[in-house]
Amino acid sequence: MAPDLYGEDALAQAHKRAMAGGAERYHAANAAKGKLFARERIALLVDDGSFVEDGLYANSLADGLPADGVITGNARIDGREVCVMANDSTVKAGSWGARTVEKIIRIIERAYDYGVPMVYLVDSAGARITDQVDLFPGPRGAGKIFHTQVRASGSIPQVCALFGPSAAGGAYIPAFCDVVAMVEGNASMYLGSDRMVEMVTGEKTTLEAMGGARVHCAESGVGHFLCKTEQDALDVVRSYLSYLPANWTQQPPAAETQEPAAVDLAALVPVSERQAFDMRRYVKGIVDKGSFFEIHALWARELTVGFARLDGQVIGVVGNNSMFKGGVLFVDSADKASRFVQLCDAFNVPLLFLSDVPGFMVGSAVEKQGIIRHGAKMISAISEATVPKICVVVRKAYGAGLYAMAGPGFDPEATIALPTAKIAVMGAEAAVNAVYANKIAALPEDERAAFVAERRAEYERDIDILRLASELVIDTIVEPADLRGELVRRFAAARGKDRAFSRRRHGVTPV
């Protein structure tokens, strides 16, 4: 039976319907999958009693469309103002109608106008095909959502927690966010469903195999955090925002200083370049204890990026991790670095580069993937970043890897080397082979080892770190135990830096 829209208690009934969401069977189906009601997600995320809703009665005259399937409003998270959008998947699978789209556009516009972060709690099957003329093509249609997100990008933080599908064009809402937390087993992103893919291409696949949470967090890089539960995803949202200012005009929030974790930095780094070590442990030995917040932990793992606090102040960390692919830079790791550097630069987060890089990968496979343009994108992002940045050569910085890690030519506040650091076009072994390959081949076999050892020693003397310091290639050499204090002082000195860069609107980024 259709609801009584004009009775004496019509308003109370409309309010009750809007707050309840869809039919009970849809709530039960979601609960069986471990999914919470959209209003429960909001309640778990924001400060108690802080949520102020808009558009509650959207489409209230229609049957079965409470709030038109999306909840929007203002709230506070840890006492700080935010705007929130949450799809209600109990209402036609969270699909979009014309009022849905209008509510989403309005709340993003409000976040931008107020200068506060925008939080997206996504669980939507995409557009309602039956309503496509109303919601799709017009100036306030679905495309305006993405236009508004792009306009807000870099002005306010935008963070997405994905609890279910984000289908078709709707998949671009997460894609335009700074970071995306995905709940394993339920969250997915895809432009075409498995049925559509089979119809168009003949490929037989599943939503999980094509666009599931693990696929996007470990392979495509569209997802940033793989979460076991919805609460974990909400915790990611809260943690992420704790490192960022409300908008681009403000500074990141400071916290109480904590001493770093007990890590012997000198012992952690092996002398042999062939022996790997975990740069994540190295980071934890420098920054405030418990503050390292890694982003994109499962994707392009040869590069580690994330936020941390150093003496209570927020910094962004970019470090090569030799535990994975030897720390060599690939197409994906270049993209990962580019995006993170731009994120930090947008929100006034100083950057610390920890270099242990052999350079960019070579070979026909990566050349066909565009390693040159992806590397150029990374170097462009670092060049354009005007926040204070410091390069620390932990073990090595070879070839264009030195450039990609904000080396001396990229206006860092300082290039710091540890006593065992090496900076060169390439490693000694590769250099000797490149220069003397024919000579080595012509020598009697019993003379080759001595000849190579002598040439290597010459090469090592040529790139000696003290020599580079004497020529002002690097600014200082510090012992590992003194590195944290050195960084604290240098970042503090750079807080008032003039951030002008170039006379232009924007560069033409390699893509």
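The lining of the largest pocket comprises 18 nonpolar, 13 polar and nine charged residues (Ala, Val, Leu, Ile, Met, Phe, Trp, Tyr, Cys and Pro count as nonpolar, Asp, Glu, Lys and Arg as charged, and the others, Gly among them, as polar). The model is predicted, and totals for linings use all residues, whereas local features need pLDDT of at least 70. Residues are numbered from 1 along each chain as its sequence is written.

The volume of the largest pocket is about 1,200 Å³. Of its 40 lining residues, Ser-153, Ser-338, Arg-339, Gln-342 and Leu-343 are the closest to its centre (lining residues have an atom within 4 Å of a pocket point, on a 1 Å grid over the protein atoms alone; a pocket is an open set of points where a 1.4 Å probe fits, with protein on both sides within 12 Å along at least five of seven lines). Helix 14 (331–346) is among the elements that give two or more residues to this lining, and helix 14 gives the most, with 10 residues (helices are DSSP runs of H or I of at least four residues, strands runs of E of at least two).

Strand 2 (residues 70–77) runs antiparallel to strand 3, to which eight bridges join it. In this pairing (at least two DSSP bridges between two strands), Gly-73 is opposite Val-84 of strand 3. Two residues separate the strands of this hairpin, and Asp-78 in the turn has a positive phi of about 55 degrees. Strand 3 also pairs with strand 4 (residues 118–124), in the parallel sense, over four bridges, and Met-85 stands opposite Tyr-120 in strand 4.

Methods: Predicted model: local features only at pLDDT ≥ 70, side-chain atom pairs only at ≥ 80, totals over all residues. Heavy atoms only, no water. Points joined across faces, edges and corners; volume = space filled by probe spheres on them.
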